[in-house]
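Here is a short briefing on backbone angles and model confidence. Please have the sequence and the structure open while you read.

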Amino acid sequence: MRPLTREEPGARQGPSRYDLSGDELAALLEGEPSYRLEQVRRALAAGLSPEEITVLPKCLRQRLAETPAMRPAFVVATESPTERGATVKWLLKATSDRARVEVVLMRYPARVTACVSSQAGCAMACSFCATGQMGFCRQLSSGEILEQVVRAARAARDKGWGRLSNVVFMGMGEPMANYGSVVSAVHRAHDDLSLAARAFTISTVGIVPGIRRLAAEPLQVNLAVSLHAANDDLRSSIVPINRRYPLFRLMAACLEYAERTRRRIFFEWALIAGTNDRGEDAAELARLLAPLGGLAHVNLIPLNPTPGFLARGSDRETVRAFRDRLASLGLNATIRDTRGRSVGGACGQLAGGAQLAGGAQLAGAAQLAASPKGA
Ligand code: SF4
């Protein structure tokens with residue numbers, strides 16, 4: 001775990017355009033007719049920059065464009081389309097500091113899913129994850145998270161893919177370690193973009209207080225838990241936070257979440273050849289999740305290798321056999337595709353490949369980018 005910087009979001013330049021509250025936006029429009037506020041709000045939700053809001057008089061557009069608080073939080077550093085044009089990954093560079101985050105947009109036959117980041121870097125240090133190998137940079141504000149969603153939604157429209165339908169917090173960072181900003185961004189995306197809370201999946205590597213907090217939240221989001229191992233020895237070796245929140249505590253929180261919300265929990269399982277892909281591993285997993293009954297669903301995906309973790313992902317045959325074994329034990333499981341792998345963004349660890357100013361390799365997203373709806 002290697003800290004890069006510990007600055008607060010936007011510390012150098014103040015808030016960016018999606019961090020502004022309604023009152024702050026209204027203050028920027030003081031002296032203008034009242035309907036201008038709604039025009040600007042709608043335009044920002046559509047991903048337009050001040051210069052593009054053509055319903056505004058030119059002088060107002062110009063004034064807003066020159067207002068520091070109306071700056072975007074990010075500029076695009078690189079854009080990597082792949083999967084025959086059905087997936088695109090952006091490496092975004094913060095305008096306030098050197099922080100980098102990744103966003104992936106994936107088009108499927110019946111939906112369009114964005115995978116967004118909740119932090120720049122991550123302090124959780126999961127051994128198989130490129131972001132974990134990179135270390136923590138800083139928290140993202142709710143505005144910075146919302147801007148990723150807005151950018152993805154606009155790109156989906158511009159590409160003719162249709163409306164953004166799902167958002168998964170499986171990019172860089174541990175969402176539960178930035179809980180307030182993540183939940184605030186979900187609320188704002190719901191209000192401003194009319195995205196249903198059910199369209200969101202918040203993942204965690206096992207932050208027990210966060211799961212409990214989410215259970216008490218009147219928010220119908222999906223919960224995904226990056227599990228990867230069903231015994232403490234193995235899990236602690238690949239997911240260090242397991243030493244703080246061992247499986248008995250994690251499963252107690254999951255049970256509480258399921259009982260309280262009656263919603264399914266999605267368990268992500270990155271299959272590592274010879275490590276967690278054997279028949280006995282499936283049996284152990286089935287035993288662990290048995291108390292959840294039909295409210296447990298396992299998402300399987302072969303591990304995407306990263307430079308700092310040289311283990312291999314399981315082959316297709318082994319993945320299928322593992323799924324079948326889980327099914328025979330009464331556990332629902334789905335094999336997720338490795339969408340994004342060719343952009344270095346496969347589930348489990350997007351690998352950006354860009355260099356940070358400090359020389360660290362910018363790696364990407366964290367957990368399995370497989371949404372509950374098969375995204
Ligand atoms: S898997 Fe998720 S929680 Fe673990 S290091 Fe990667 S980004 Fe962080």
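In which loop does His228 lie? His228 sits in the loop between β9 (222-226) and α8 (232-238). This is a predicted model: local features need pLDDT of at least 70, side-chain atom pairs count only at pLDDT 80 or more, and totals for chains, interfaces and linings use all residues. Residues are numbered from 1 along each chain as its sequence is written. Helices (H or I, at least four residues) and strands (E, at least two) are DSSP runs, numbered from the N terminus.

- His228 is not a glycine, yet its phi is positive, near 70°.
- His228 is buried, with 27 other C-beta atoms within 10 Å.
- Arg262 also has a positive phi, about 60°, and is not a glycine.
- Arg262 belongs to the loop between α9 (247-261) and β10 (265-271).
- Arg262 is exposed, with 8 other C-beta atoms within 10 Å.
- Buried means 20 or more other C-beta atoms within 10 Å of the residue's own, exposed means 12 or fewer, and partly exposed is in between; C-beta atoms are placed from the backbone.

**Confidence**
- pLDDT is the predictor's confidence in each residue, from 0 to 100.
- The protein averages a pLDDT of 87, and 86% of the residues score at least 70.
- Confidence is highest in helix α10 (residues 279-289), at a mean of 98, and lowest in strand β14 (residues 361-362), at 28.
- Residues 341-375 have pLDDT below 50; beyond near neighbours in sequence, this stretch has 151 contacts in the model.
- Two residues are in contact if their C-beta atoms, placed from the backbone, lie within 7 Å.
- Where pLDDT is low, the predicted coordinates should not be read in detail.
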